[in-house]
Amino acid sequence: MSPRDSYHHGNLRAELIEAALAEARRSGPDAIGLRSITRQLRVSPNATYRHFADRQALIAAVAQAIQGKMAEEMRMRMPPKDERAPAHSRLRAVGLGYIAFARAEPGWFDTAFFGQPDDPAVTMDLVSVSVPAPFTLLIGALDDMVDAGELSRRRREGAEWACWSSVHGFAQLVLHGPLSSQSDEVVALLAERVVDDIIAGIR
């Protein structure tokens, strides 16, 4: 069958992303290839370049889609903002949700922050239009703690980096390091210890 004409294929960009998401889910970012995906979709390679300049542009779009899925999973774990739950419980849910997503979707997790621009516009003063969705949740949870009086403004400054690096590093140890051979029960207990220690440390 000859490649389809992209001019009559209005959803090609979305289909390219979906196909790349499937590849990434199975094997991580290295599995994403423009040529293999165009063969799957039976479109010409030239058609893909009307949507993505190169493989890296496709990976960036896939990473953004995964970040959105990741944030949604994390958000579902967060208790509502009310007086019944302490503010730090939202931060705890963010951290544990991040680790849980990594364990459940290792291929996607490895792709989620792969190939980001050299200057991703994530700055210490948080003036940005391209902050990853999971990082946005982290920022919000920390700010909630300040508003609730659980975290001082002095301790709040830069706390997002301590939190993010800790949970991300732990996730990497689970996926690719010495914790990869541990049971789910052990990893879950260690994840809680890591997140609780981070919260205690920033406070």
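A residue is called buried when its relative accessible area is under 20%, exposed when that area is over 50%, and partly exposed in between, with a 1.4 Å probe and protein chains only. At 33% relative accessibility, D196 therefore counts as partly exposed, and this residue lies in helix 10. Helices here are DSSP runs of H or I with at least four residues, numbered from the N terminus.

The structure is a predicted model, in which local features need pLDDT of at least 70 and side-chain atom pairs count only at pLDDT 80 or more, while totals for chains, interfaces and linings use all residues. Residues are numbered from 1 along each chain as its sequence is written, and side-chain values use heavy atoms, with hydrogens and water left out.

Two packed helices are described by the angle between their axes and the distance between the axes. The axes are lines fitted to C-alpha atoms, for helices over the stretch in contact, and the angles run from 0 to 180 degrees between N-to-C directions.

| Helix pair | Angle between axes | Axis distance |
|---|---|---|
| Helix 4 and helix 5 | about 130° | 8 Å |
| Helix 5 and helix 9 | roughly 25° | within 9 Å |
| Helix 4 and helix 7 | roughly 35° | within 7 Å |

Helix 4 (residues 55–77) and helix 5 (residues 88–104) pack at an angle of about 130°, which makes helix 4 oblique to helix 5; angles under 35 degrees count as roughly parallel, over 145 as roughly antiparallel, 65 to 115 as roughly perpendicular and the rest as oblique. On the helix 4 side, the contact (heavy atoms within 4.5 Å) is made by I66, K69, M70, E73, M74 and R77, and on the helix 5 side by A93, V94, G97, Y98, A100 and F101. By class, this contact has eight nonpolar, one polar and three charged residues, where Ala, Val, Leu, Ile, Met, Phe, Trp, Tyr, Cys and Pro count as nonpolar, Asp, Glu, Lys and Arg as charged, and the others, Gly among them, as polar.

The buried residues of helix 4 include L58, I59, I66, M70 and M74, and what covers the buried residues of this helix includes helix 1 (12–27), helix 2 (34–41), helix 5, helix 6 (106–112) and helix 7 (133–147).

**Helix 5 and its other neighbours**

Helix 5 is mostly covered, with twelve of its 17 residues buried, and these buried residues pack against helix 4, helix 6, helix 7, helix 9 and helix 10 (184–202). The axes of helix 5 and helix 9 (residues 159–176) cross at roughly 25°, which makes helix 5 roughly parallel to helix 9. In this pair, G95, Y98, I99, A102 and R103 of helix 5 meet W164, V167, H168, F170, A171, V174 and L175 of helix 9, and the residues of the contact divide into nine nonpolar, two polar and one charged.

Leaving aside residues up to four places away in sequence, R90 touches M78, P79, P80, K81, A141 and D144.

To return to D196, this residue and L96 are 100 residues apart in sequence and 9.6 Å apart in space, C-alpha to C-alpha. L96 is one of the buried residues of helix 5.

Definitions and conventions:
Helices (H or I, at least four residues) and strands (E, at least two) are DSSP runs, numbered from the N terminus.
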